[in-house]
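Work through the exercises below with the structure open beside you. Try each task before you read its solution.

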Amino acid sequence: MSALQILLLVGAYFLVLMIISYFTGRNDSNADFFKAGKQSPWYLVAFGMVGASLSGVTFISVPGWVEDSQFGYIQVVLGYLFGYFVVAYVLLPLYYRMNLTSIYEYLLERFGSVSHKTGAFFFFVSRVLGAAFRLYLVAIVLQQFVFDDLGVRFEITVILSIVLIWIYTNRGGIKTIVWTDTLQTLFMILAVVLSIIFINNELDWSFGEFLVSEELKVYDKFLFTDSFLDRNHFVKSFIGGMFVTICMTGLDQDMMQKNLTCKSLKDAQKNMVSFSLVLVFVTFLFMLLGALLFIYAGKNGISVPLMDGKPKTDLLFPEIALNSGLGLTLAVTFMLGLIAAAYSSADSALTSLTTSFCVDFLDVEKKEEKEQKRIRKRTHIWMSAMLVVVIISFKYILNSNVIDSLLTVAGYTYGPLLGLFAFGIFTKHKIHDKISWLVCCLSVILIYVLANIPSDYLGGYVLGYELLPLNGLLTFFGLWLIRRKDTSVNIAQ
């Protein structure tokens, strides 16, 4: 597939998104931008959230990770499933009862303004890094397979990507995204299914033959229970996955903003449960695809592509789809899936960052209506510019597999949010609000120090995704130390 063909495909795709944006964004009000008028059908939100949760990271990085981790990622995914039920039946009732626009307003009611700003700040850092990770991945693919041939610099690729997202989210916000995410999820699932079919056909296998093949057995280890000291032990992966979901979905304005557009709590819970079951199945398909890619590469002498002189397994899927002679249909399918996966998470991230900054830091809802819209539009531009800067910086500092990096960073940035919400929900204590930020920062510093202790000093124990719940526990303990004697129940309880 030529660079020109890919550009035309990207252009056509964004034209469709802009048409959707035109019809959903005609009202251009803050109420629609932030909450979609609370009229979103739950099943539409559920289907769209699959694409937003998986993103370009899953689309490329999970298949590329299979060589190192085999099917061990399913241990994390099972933890995700349990975590989604916690979100549905513990956190969503709280958010709906308080009728929140930003979920961090809960911290304002429960503890005070400093805790509110602290929680919003950690979300802000988390979502900026998370969105940047995801967009960085699609940007390096477009750069390697399209823009390098055209002599366009990586920085221009990133700027163009963000500008396109800004254009179709500028007016409709979350109302537009509920609909565009549905389309993007459809393309992404279609891409992985067709990719599995096409590559199996090339190998003269049926899907059933692939599942029982000797080649697949090299990659199909699901459970790692040999040594609890290992980073990928089942218990550590499951618990880590559960808390990743609770934090990166339930305590994340990006994911919760979609849920809060549903008409009622019951609809939002139906959305969350159905979405979680579909997500597990689709993620398993991605791991099957990953094994199939490495099998196909081995049989056809295809090497893992290099980036800056180093093998980059994240690029194996695009290499096979675009450059291995499997035909234009697979190439088009891959590109549609990649674009859909990447932008289904990036567009909602940009909208949620705008929402959180406007509500949590600028108190936009206390302004006059005309001023509210002006503040929102200006903030939307600044959030876009910030994402450009962070994504470009990743090219020079990121070395490991993208999904591994994303989950590792989550252990640092979402831990304080976990501690703040857990302390608010499961205790009746108030705290000395003015020093809550210090507790959160100290917890992150301690976790960073702990994570960098050589495993030899820990008896061979390798820390993994359990850093996140441990971070939350440290924050919880710190808040306990600064609790006040007044234990009267707050209205947020």
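Predicted model: local features only at pLDDT ≥ 70, side-chain atom pairs only at ≥ 80, totals over all residues.

Residues are numbered from 1 along each chain as its sequence is written, and side-chain values use heavy atoms, with hydrogens and water left out.

**Exercise 1. The whole protein**

Task: State how many helices and strands there are in the protein, and what share of its residues is buried.

Solution: Start with the elements. The protein has 20 helices and 2 strands. Helices (H or I, at least four residues) and strands (E, at least two) are DSSP runs, numbered from the N terminus. Next, take burial. Of the 493 residues, 59% are buried. Buried means under 20% relative accessible area, exposed over 50%, and partly exposed in between (1.4 Å probe, protein chains only). Last, look at contacts, where contact means heavy atoms within 4.5 Å. Among contacts with a separation of 6 or more, 86% join residues 24 or more positions apart.

**Exercise 2. H1 against H8**

Task: Describe how helix H1 and helix H8 pack.

Solution: Two packed helices are described by the angle between their axes and the distance between the axes. Axes are lines fitted to C-alpha atoms, for helices over the stretch in contact, and angles run from 0 to 180 degrees between N-to-C directions. H1 covers residues 3–24 and H8 covers residues 174–202. Their angle is about 150°, and their axes are 8 Å apart. H1 is therefore roughly antiparallel to H8. The cut-offs are under 35 degrees for roughly parallel, over 145 for roughly antiparallel, 65 to 115 for roughly perpendicular, and oblique for the rest.

Now find the residues that meet. H1 brings Tyr13, Val16, Leu17, Ile20, Ser21 and Thr24. H8 brings Lys175, Thr176, Trp179, Thr180, Leu183, Gln184 and Phe187. Sort the residues of this contact: 7 are nonpolar, 5 polar and 1 charged. Here Ala, Val, Leu, Ile, Met, Phe, Trp, Tyr, Cys and Pro count as nonpolar, Asp, Glu, Lys and Arg as charged, and the others, Gly among them, as polar.

**Exercise 3. H19 against H20**

Solution: On the H19 side, the meeting residues include Val439, Ser443 and Ile447. On the H20 side, they include Leu470, Leu474 and Gly478. The contact of H19 with H20 divides into 11 nonpolar, 5 polar and no charged residues.

**Exercise 4. The length and cover of H11**

Task: Find how far helix H11 reaches and how many of its residues are buried.

Solution: H11 runs over residues 234–250, which is 17 residues. From first C-alpha to last, H11 reaches 23 Å, close to the 24 Å expected at 1.5 Å a residue. The expected span is 1.5 Å times one less than the number of residues. Then check the cover. H11 is mostly covered, with 12 of its 17 residues buried. Among the buried ones are Lys236, Gly240, Thr245 and Met248.

**Exercise 5. Loop residues**

Task: Where do Asp363 and Tyr219 lie?

Solution: Asp363 lies in the loop between helix H15 (328–361) and helix H16 (369–397). Asp363 has a positive phi of about 50°, although it is not a glycine. With a relative accessible area of 29%, Asp363 is partly exposed.

Tyr219 is in the loop between helix H10 (214–217) and H11. At 14% relative accessibility, Tyr219 counts as buried. Tyr219 and Phe294 are 75 residues apart in sequence, but 9.3 Å apart in space, C-alpha to C-alpha.
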